[in-house]
Amino acid sequence: MKGWRKKQDVHQVTDAKPSLSSDIHRREISYLIKMGIRTLCLILAVVVPVPVPYRLLFIAAAVFLPYIAVIGANERGKDAPPPTFHTPEANQSEIPRHRREIGS
């Protein structure tokens, strides 16, 4: 007799997605950290006397980190579903609520 009942989905608080403000805050912090590393690489490339290969590595990091930082900052939450623009089709056999008459 177990098979006749439908299993209900049990939702837990831990299944909830983070709020929009906490997601934005996480992305802002990540962006600021990456741009701070970029600034440090730029300073190391110009001010500190290091061999040329290290200087080129610091310059490359200073050039490519902004791209990586912007891509990461524009990334939505990892658990968030992609935006959809599909509207569900209306059931044509049902009268819409706003069109029902009293007594029907």
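This short talk covers the salt bridges in the structure above.

A word first: the model is predicted.

Let's take them in turn, starting with D23 and R26. These residues form a salt bridge, and their closest N and O atoms are 2.9 Å apart. Where do they sit? Both are in helix α1, which covers residues 20-46. They are three residues apart there, so about one helical turn separates them.

Now the other pair. D23 also forms a salt bridge with R27. Here the closest N and O atoms are 3.5 Å apart. The cut-off for a salt bridge is within 4 Å. D23 and R27 are four residues apart in helix α1, again separated by about one helical turn.

Why do such pairs form at all? Side chains of opposite charge can pair when their charged atoms come close.

Next, burial. Is D23 buried or exposed? D23 is buried, at a relative accessible area of 11%. What about its partners? R27 is buried too, with a relative accessible area of 15%. R26 counts as partly exposed, because its relative accessibility is 37% and that class runs between 20% and 50%.

D23 takes part in a bridge with R26 and in a bridge with R27.

Key:
Residues numbered from 1 in each chain as written. Predicted model: local features only at pLDDT ≥ 70, side-chain atom pairs only at ≥ 80, totals over all residues. Heavy atoms only, no water. Salt bridge = Lys/Arg side-chain N within 4 Å of Asp/Glu carboxyl O. Helix = DSSP H or I, 4+ residues; strand = E, 2+ residues; numbered from the N terminus. Buried < 20%, exposed > 50% of the residue type's maximum accessible area, 1.4 Å probe, protein only.
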